[in-house]
Amino acid sequence: MDKIPADDPQRNLAVAKSDDPKQLHIGLVGNTYTILLTGKDTAGRYCLIDMHVPPGGGPPPHRHDFEESFTVLEGEIETTFRGEHATVRAGQSINIPANAPHQFRNISEQPARLLCVCSPAGQEEFFMELGAPVATRTTAPPKPDPSGQAELRAKTVALAPKYRTELLKEA
């Protein structure tokens, strides 16, 4: 067995509180994503995002070349993975393998709350570049008008390759 590397004293303990107004809350595609841990906090190993997904919310079909795991803390979501639908409820966790087509939607009448881990990190940077800062973990993002929606879609398509993501027509 290889020896475990020495402690890196340049790295510090990272503490994040989801409901802290100083935390970075990003509004994107109708959802609010609170960035808890970034790649800078984890030496690029992973990021951790607290997701507030209102009824009807969720990202469009996509895939990316990194692992993505969700733990549903409150509510439920319907996930589509390689064309198959499944309901994931509070207390359940799922892992989306790298490169697999997927999406999720909150099909219930109550908000859902998920913890999302992406490994390696980078997804949080995509969200920060695309989204709009909002005040709290549950603040709804501003709703863009039709031209704003078209601009966001064009920006998403342009930035997706930089963040190793592909938008799809179906998951």
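Me: With the side chain of which residue does the side chain of His102 make a polar contact?

Reply: The model is a predicted one, in which local features need pLDDT of at least 70 and side-chain atom pairs count only at pLDDT 80 or more, while totals for chains, interfaces and linings use all residues. Residues are numbered from 1 along each chain as its sequence is written, and side-chain values use heavy atoms, with hydrogens and water left out. A polar contact is a pair of N or O atoms within 3.5 Å; within protein, one must be able to donate a hydrogen and the other to accept it, and residues adjacent in sequence count only if both atoms are side-chain atoms. At 2.9 Å, the partner of the His102 side chain is the side chain of Glu68.

Me: Which residue in S9 does Glu78 stand opposite?

Reply: Two strands pair if DSSP finds at least two bridges between them. In S9, the residue opposite Glu78 is Arg105.

Me: Which residue takes a positive phi in the hairpin of S6 and S7?

Reply: Strand S6 (residues 76-81) and strand S7 (residues 84-89) run antiparallel and are joined by 6 bridges. Thr79 has Ala86 of S7 as its bridge partner. The hairpin has 2 residues between the strands, and a positive phi near 50° is taken by Arg82.

Me: Which are the edge strands of the open sheet?

Reply: The open sheet is formed by 7 strands with antiparallel pairing, in the order S8-S5-S10-S3-S2-S1-S11. Each edge strand pairs on one side only, and the two are strand S8 (93-96) and strand S11 (132-133).

Me: What is the bridge partner of Val72 in S10?

Reply: S5 and strand S10 (residues 112-119) are paired in the antiparallel sense by 7 bridges. Within S10, Val72 has as its bridge partner Leu114.

Me: What is the relative accessibility of Thr38?

Reply: Thr38 is located in the loop between strand S2 (31-37) and S3. Not counting residues up to four places away in sequence, Thr38 touches Tyr46, Cys47 and Glu124. Thr38 counts as buried because its relative accessibility is 19%.

Me: What distance separates the C-alpha atoms of Leu13 and Asp41?

Reply: Leu13 lies in the segment before S1, and Leu13 is exposed because its relative accessible area is 77%. Leu13 and Asp41 are 28 residues apart along the chain, and the separation of their C-alpha atoms is 8.2 Å.

How values were computed. Helices (H or I, at least four residues) and strands (E, at least two) are DSSP runs, numbered from the N terminus. Buried means under 20% relative accessible area, exposed over 50%, partly exposed in between (1.4 Å probe, protein chains only). Contact means heavy atoms within 4.5 Å.
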